Amino acid sequence: MKQGLTSFIIFVLGLPIFHNFIFPMFQTSSGLNPARYVGFILFVLTFIIIHLILRLKPPMAMKALFVWGFGFYFYDYVLIPHIPWTLFITYMMLWSIGTFLYISQDAATFKEFRRPIVKTIVGEYKLARIVVFIFLPVFVGFTTYKSLLPKFEEPVELRTVHPAPPATTRVHGKTCALEKTRNPFRIQEQDDYQTAFPFLDVNKDFGKGGTGAQYMKNVTEGGTIFFQNCHYCHGDQLNGLGMFSHVFNPTPANFIDPGTIAMLRESFLFWRVSKGGPGLPNESTPWSSAMPPWEEHLKTEQIWKVILFEYWYTGWHPRTFDTEPAYIGAPVPPGGIGSDPETCM
Amino acid sequence: MVRINKVKGWGFLAILLLVFLLPATSFAALPDPVLKDKVEAGKSVYFKRCVWCHGVEGGGDGPSADRLFTRPRNFIQGTFKIRTTDSGELPLDANLIKTVTNGLPGSAMPAWGEFLKKEEIEAVIQFVKTLVQDRDFGDEDEEVNVQDFGTNPWGTQGPYHLGVPQEAIDKGKEIFIKNKCFECHGGEGRGDGNPTMKDDWGFPIVAADWQQCWNFRGSRRDPYNPFNIVRTISTGLNGTPMPNFREQITIEDRWNIAAFVNSLCPRKRIDPLANKPVSDFLIKSKYTEGPVSNNLDDPMWTAPYDDHKVIPRADDYEGDQYRSYVAMAGQITRGNRNFKPKVDNLWVTSRWSPEENAVYYLLEYHLRFLSTNPEFPDAVGIQWPGKLQDLFGAEKPYFIYGDSKKPVDLWKAEFMAKDYNPANAPKPEGYDLDLKVHEYIGNGFDAIKEKETEPTVQVVASKFHQGKVRVLFKRSLTNDNKETDVQIPSETFIPVSFMQWSGYDNEKDEHQALSTWLYTILEPPVPDSIYYMPPIAAAIFICFQGWLVWMTKRTRKMWDEGKMK
């Protein structure tokens, strides 16, 4: 019994010490955070080694408690990002079954495991019986109380990240087929201009065939429009953290994120910018997007320039189709096609 | 006097940092000279990231400047707000690095610390220093005196810096009154003292609202740290009417005044990305037995603004209320867009009473000055889905005035304060409001109609006091206008949003501030079963325990008697 008590004290003291003082040292900011897991494994190993050195042999029920407790700690605190509670319960059930298998591997260990429990129930451990038999009914009563207390959390609304674009969109009186629409200002490879200066280089003779000035002029104009209209939500850093961003739910798109403009085609952006939240499709509603329909404030060419700027600033490349002209022979959409069918201008 | 001009670059910075850390009186030194080898690298950062607001020549006149309040900094005169040097002096490199790294909360200047590399920030500030035309960082006559700020006498810790003794706060309040800080910052610190202030360039400027410390420009993403306030009192804010009080107030008392200012700011969980309190997207309406009080000072309506998880409710707090923080933005979608809203949050508190068959919403917000022009009255409103019963699932009308298929029901209170003039000293008892409620049906921006039915929405209490507006709306849960008016069920999540117009800044119609759709819910009363079910459950469990003991003993007996193997 004394051995069990020592072991229990090591466990009860060790876990908070590890959690509050040692574990934070293992946290690195990088994505997968392998140091956390190394830290946890080292802690468990230390726990085992201390037991070996002190030649402690805690009773089976206590061993089971330790195994179960380490599992709980791992799933609730070590594993990041934290798993949803439904998954957590599933994992803990599996873990509990595993612990039980460990206990009941043969009749002797199971008997050993049972012994203290039986002794508690029949009253051979008098103090333990009093504590357990008083604590459990109070716990049940408290849980009942908690479950009866009315409690309301903000409802969760799930939505698709990228809506399906329509086949065609009509902007400023011109209909364009999104599948083949391209940005008329993407006349040069943008990587050649990553270090060029907006404002300063718009009159310089540089770039392939002297078109650098034109390219940077378009970027400058696009940036000007962005910083007069868009940065309030999408942010000065294009990271979706503008001054108004925290007001809205869902929050504005983060263009730095590889999951937004980096995986979209420019024609998709053109459609989203022109039509905004009200132009989103009926499927998968509600979108709750606060994005204004910018065609009301911007000309078609301005929208294209903003899109050009967004890619230049973030360094992402828009997704494109292969050059195969898949649209040849496609039917003309109702309402006719714009004067330049490829740019909607 | 310590003169340092031989040591270059990092050594120089390190020594200055050391000087800054020493708890001694101020040192006079030369400003950090421009590190010429970093200017080119800084220029490429500047022209990619900064030029859009601060302009090609650093004149604070980039494309966005006219649509920002406060305007971006004009670097040409070498005027920098947040420094550790004396009033009117140039900043240290370390000051500028901190400003770029942490941004200037409450303005459009974001924190660049996570976006740019450290070397890029160090380079860009060198380029910014070359944009200063009227002064020269290499001038022998320029002096920088790094101020002595003492140390936090209470040793409080972030993020909330709780545990400052009440005596320090009271002492600070005395100094606040003695030095007439209220002349600009207002009697309760909401920045509502002086409507005529201008910055060095003649642009209008307002005093800081101490009750929204997350907007302090120098808060360095640590809004509750009293050090920020000590620094500002000691160094002043260059380019603004804020002087330093180095001579008038001793360093100990500067910490006391910081304690007072800091105590006014509600402790809310701050979103580390937005640098603002986390918005409450669910407004709970408290169930009320009997009628609801129309008195705004009744315990039914008073509650601390602090998050109760950060500061537990005091023992002597009689009420049961929780306030919700609602973030607001300018309307920039249609018509006359509002890029510079003056109100960026509301506090909402609600109750409902089945006995009265009525629901109450108390809207509160900080506004420095009210309108005196009847053409542009102040206003605040609550927007509901007009036909809640027709909405399916999480469907909502368009968040600004609804759409053609899904109408909204808008309750708007337009008001002017009685006998009010922003230039006069405020009345100690506050101002009553000359108020009128309008009810609209919105079917989109171009289809907003005032209802023709009998008005059913009332404002039962309202007040403007020391830069705070309070308006208490009341309406019956249900009424006869089922086609146009929202019918409010209990225990259901109902979309709700808020709108606000500042008449003093000529906000009107679609030139307004607004929130997105939030939810509200009329909480049910606590069921009676909560009093008898827990003991019953516990009793049942005790019976189960008894059975377990009996069973175990019986099994053991059988075992002992050899009946089981």
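Predicted model: local features only at pLDDT ≥ 70, side-chain atom pairs only at ≥ 80, totals over all residues.
**Stop 1: two helices in chain A**

Select helix α1 (residues 2–22) and helix α3 (residues 60–78) of chain A. Their axes come within 11 Å and cross at roughly 10°. Angles under 35 degrees count as roughly parallel, so α1(A) is roughly parallel to α3(A). Now show side chains. On α1(A), the contact uses G4(A), S7(A), F8(A), F11(A), L15(A), F18(A) and H19(A). On α3(A), look for M62(A), L65(A), F66(A), G69(A), F70(A), Y73(A) and Y77(A).

**Stop 2: a nonpolar patch**

Colour V38(A), I41(A), L42(A), L45(A), I48(A), I49(A), I50(A), L52(A), I53(A) and L54(A). Together they make a nonpolar surface patch of about 930 Å². L45(A) counts as partly exposed because its relative accessibility is 42%.

**Stop 3**

Go to N249(A) and P250(A). The peptide bond joining them is cis, with omega about 10°. P250(A) belongs to the loop between α7 (212–234) and α8 (266–275) of chain A.

Next select R186(A) and E266(A). Their side chains form a salt bridge, 2.9 Å from N to O. The two residues are 80 apart and link distant parts of the chain. R186(A) is in the loop between β2 (174–177) and α7 of chain A, while E266(A) is in helix α8. R186(A) is partly exposed, at 24%.

**Stop 4: a loop in chain B**

Move to chain B and centre on T70(B). A cis peptide bond joins F69(B) to T70(B), with omega about 0°. T70(B) is in the loop between α2 (36–54) and α3 (93–102) of chain B. Then select D66(B) and R71(B). Their side chains meet in a salt bridge, 2.9 Å from N to O. D66(B) is exposed at 55% relative accessibility; R71(B) is partly exposed at 27%.

**Stop 5: positive phi**

Select H161(B). Its phi is positive, about 50°, although the residue is not a glycine. H161(B) is in the loop between β2 (144–146) and α5 (166–178) of chain B. Its relative accessibility is 6%, so H161(B) counts as buried.

Now jump to D509(B). Here too phi is positive, near 50°, in a residue other than glycine. The loop is the one between β16 (494–501) and β17 (513–514) of chain B. D509(B) is partly exposed, with a relative accessible area of 43%.

**Stop 6: salt bridges in chain B**

Select D297(B) and R470(B). Their side chains meet in a salt bridge at 3.9 Å, N to O. D297(B) is in the loop between β5 (282–287) and β6 (324–327), and R470(B) is in strand β15 (residues 468–476), so the pair ties together parts of chain B that are 173 residues apart in sequence. D297(B) is exposed at 56% relative accessibility. R470(B) is buried, at 16% relative accessible area.

Finish with a network. Select D409(B), E439(B), K451(B), R475(B) and D485(B); salt bridges with shared partners join them. Over all chains, the salt bridges number 34.

Methods. Residues numbered from 1 in each chain as written. Chains lettered and ligands numbered in written order. Heavy atoms only, no water. Patch = residues over 30% accessible without salt bridge, like charges linked within 9 Å, V, L, I, M, F, W, Y side chains within 5 Å. Areas by Shrake-Rupley, 256 points an atom, 1.4 Å probe, with all protein chains shown as cover. Salt bridge = Lys/Arg side-chain N within 4 Å of Asp/Glu carboxyl O. Buried < 20%, exposed > 50% of the residue type's maximum accessible area, 1.4 Å probe, protein only. Axes fitted to C-alpha atoms, helices over the stretch in contact; angles between N-to-C directions. Helix = DSSP H or I, 4+ residues; strand = E, 2+ residues; numbered from the N terminus. Parallel < 35°, antiparallel > 145°, perpendicular 65-115°, else oblique. Contact = heavy atoms within 4.5 Å.
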